[in-house]
Amino acid sequence: MGLFAADANGEHERPLLPAMGLDYNASFSADGKWVIFTSERGGSADIYRMHTDGSGIERLTDSPSYDDQAALSPDGRTLAFVSTRDGGTANVWLLDLARHEYTNLTKNTEGNFRPSWSPDGKWIAFSSGRDAKPGRATPSWELLQSTAIYIVHPDGTGLRRLTELGGYAGSPQWSRDGRRIVCYQSAPREVYPKRFAGTATSQIISIDIKTGAVQTHTTGPGVKVSPRYTEGDDIGYIAIFGEKQGLRFTSGRSGAAGSLRYPSWSPDGKTMIYHRSINGEVGVTSAFGLDAAFDLYSTAGIMLAYSPTGEQLAMTPGTNKGLMIMGSDGSNPHKVLDNDGKVITFPTWSPDGKSIVFGIGGFFQRPVVPGQIGLIRPDGSGLRMLTEGKASSGFASWSPDGKRLVYRVMGNGQQGLRILTVEDGKVTTLTTEYDTFPMWSPRGDQIAFCSFRDGDFDIYTMRTDGSGVRKLTNSHGNDAHPTWSPDGRWIVFSSSRQGFKDEAMLDEWGPQPYGDLYAMRADGTDVRQLTDNQFEEATPAWRPEHRTSTTSSASPTRAVSDSPGRED
């Protein structure tokens, strides 16, 4: 993502900064002299400021934690921003720029987002999931989010909720006279599952701070977000998703089409800044991590699998885009199999490197649609199906000797894990619980898997005959996608234990904008957090050592923000 400037209606776009990494969520200071923005150019997400011509870049925060969504006070002395420092969950923090002192303003574990200063500097508006308990989408893997709009004084007093609990409201911004707050309004089940299905709707509303009276400014279908007052009572906002994305105004005047996001207008109303995605190759790049003992790499592909030599990666470039192979350095990406309208999931190489097993069919749908396990050679030849029937079979993992596969089955009255003998097709029932994402240990003696058997998704291990079940994690949310280190001593997995770090309606890359990578010993001890950001980090793959490599360290790979990482 990169930062751009344009005329007030979005025309005559020009880059604000050279593309040097992820730059996003920019806003003007009240005096129009500064642009405040988030950047990952230094590794983790931190807050920066620069002059409006892109010069004089200054780093304002410097923490391995996630810092984002910043707004500068009208007097320019205090920065309000969202951070996971000191606790791991998203709170609104204040930074005194002169003293360099930090204060946790919201002190809440349920997620607090998108702070906005009143013109007189006496109030801060923000969205928050506090006091809301939306639970889990049923029946589904995804966690629901419910947010309301609040205001609070900068000293933490006078907290007041402006919108109803149980609903969904986000991205508050003040009118220039400080009498109203504009935001977008929707409902938790519009955010999921309708957002992911492309049928969600939100409207732009404003609230009278004194009376609480609500005025609705838009109607009709479509997701409308990121509203701001521009000239007088005119409100600019962004329509996201679908073919009609772009800038809109409540006055009806025209705005630029395209994928521009989070607009902010200069005080004189003549210039708009925003961010948008910059298209690039799938690639593999070095990524920032919290633990120096683990080297992280990032790719835009999802559902990753290294070849036994570590020289190639199998993946899907998207949930409906076929099966692809590329070099472990991102070179020579090429498609091995077209999806032909079906979903291809979780490829995995055979131990001898001669075959790739994958799921193909109707995954990630409710009610469950049949999906089967297929096998193909890396050159795209020899395609054959290993399972059949009305259930959904997928997420397979090879035994180290290459003779068996463990996989999960769901639907048609079945659930749990099964073991398939590849040579003769014999299937053995391993479990009958709500178990998924099995991974056979490189040592051959254990299978790691994710299970809902205790009412939450956690990581377990068991022996290959189904005995010796052991629960390794016990956190709120989803712990999933376990993958073993090549020596079988570590497990890397994805976890949503830190909750949401932004408003989910703004996420365009998948159904769930949460999930960081963690590592733990094979017995569940020595848990270490590896990533901390607002994207979904999921479906990791651990790179085996090159046979010609002189290094003894192994490196996990993580998927970037567009990874759906979903359970079927």
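Which backbone nitrogen does the side chain of Thr 387 reach? In this predicted model, that nitrogen belongs to Ile 373, at 2.9 Å.

Let me stay with Thr 387 for a moment. Thr 387 sits in the loop between strand 33, residues 384-385, and strand 34. The side chain of Thr 387 also makes a polar contact with the side chain of Gln 372, at 2.7 Å. Is Thr 387 buried or exposed? Its relative accessible area is 12%, and the cut-off for buried is under 20%, so Thr 387 counts as buried. Setting aside neighbours within four places in sequence, Thr 387 is in contact with Gln 372, Ile 373, Ser 393 and Tyr 407.

Next, the second largest pocket. Its volume is about 820 Å³. The lining has 35 residues, and Tyr 306, Thr 348, Ser 397, Met 439 and Thr 483 lie nearest the centre. Several strands give two or more residues to this lining, among them strand 34 (392-398) and strand 42 (479-484). By type, the lining residues divide into 25 nonpolar and 10 polar, with no charged ones.

Last, strand 42. This strand belongs to an open sheet of 4 strands, in the order 42-43-44-45, with antiparallel pairing. Strand 42 and strand 45, residues 528-529, are at the edges with a single partner strand each, so one side of each has no neighbour in the sheet. Strand 42 is joined to strand 43, residues 490-495, by 4 bridges. One residue links the two topics: Thr 483, listed among those nearest the pocket centre, has Val 492 in strand 43 as its bridge partner.

Technical notes: Residues are numbered from 1 along each chain as its sequence is written. This is a predicted model: local features need pLDDT of at least 70, side-chain atom pairs count only at pLDDT 80 or more; totals for chains, interfaces and linings use all residues. Side-chain values use heavy atoms; hydrogens and water are left out. On a 1 Å grid over the protein atoms alone, a cavity is a set of points where a 1.4 Å probe fits but cannot get out, and a pocket is an open set with protein on both sides within 12 Å along at least five of seven lines; lining residues have an atom within 4 Å of a point. Grid points are joined across faces, edges and corners, and a volume is the space filled by probe spheres set on the points. Ala, Val, Leu, Ile, Met, Phe, Trp, Tyr, Cys and Pro count as nonpolar, Asp, Glu, Lys and Arg as charged, and the others, Gly among them, as polar. Buried means under 20% relative accessible area, exposed over 50%, partly exposed in between (1.4 Å probe, protein chains only). A polar contact is a pair of N or O atoms within 3.5 Å; within protein, one must be able to donate a hydrogen and the other to accept it, and residues adjacent in sequence count only if both atoms are side-chain atoms. Contact means heavy atoms within 4.5 Å. Two strands pair if DSSP finds at least two bridges between them.
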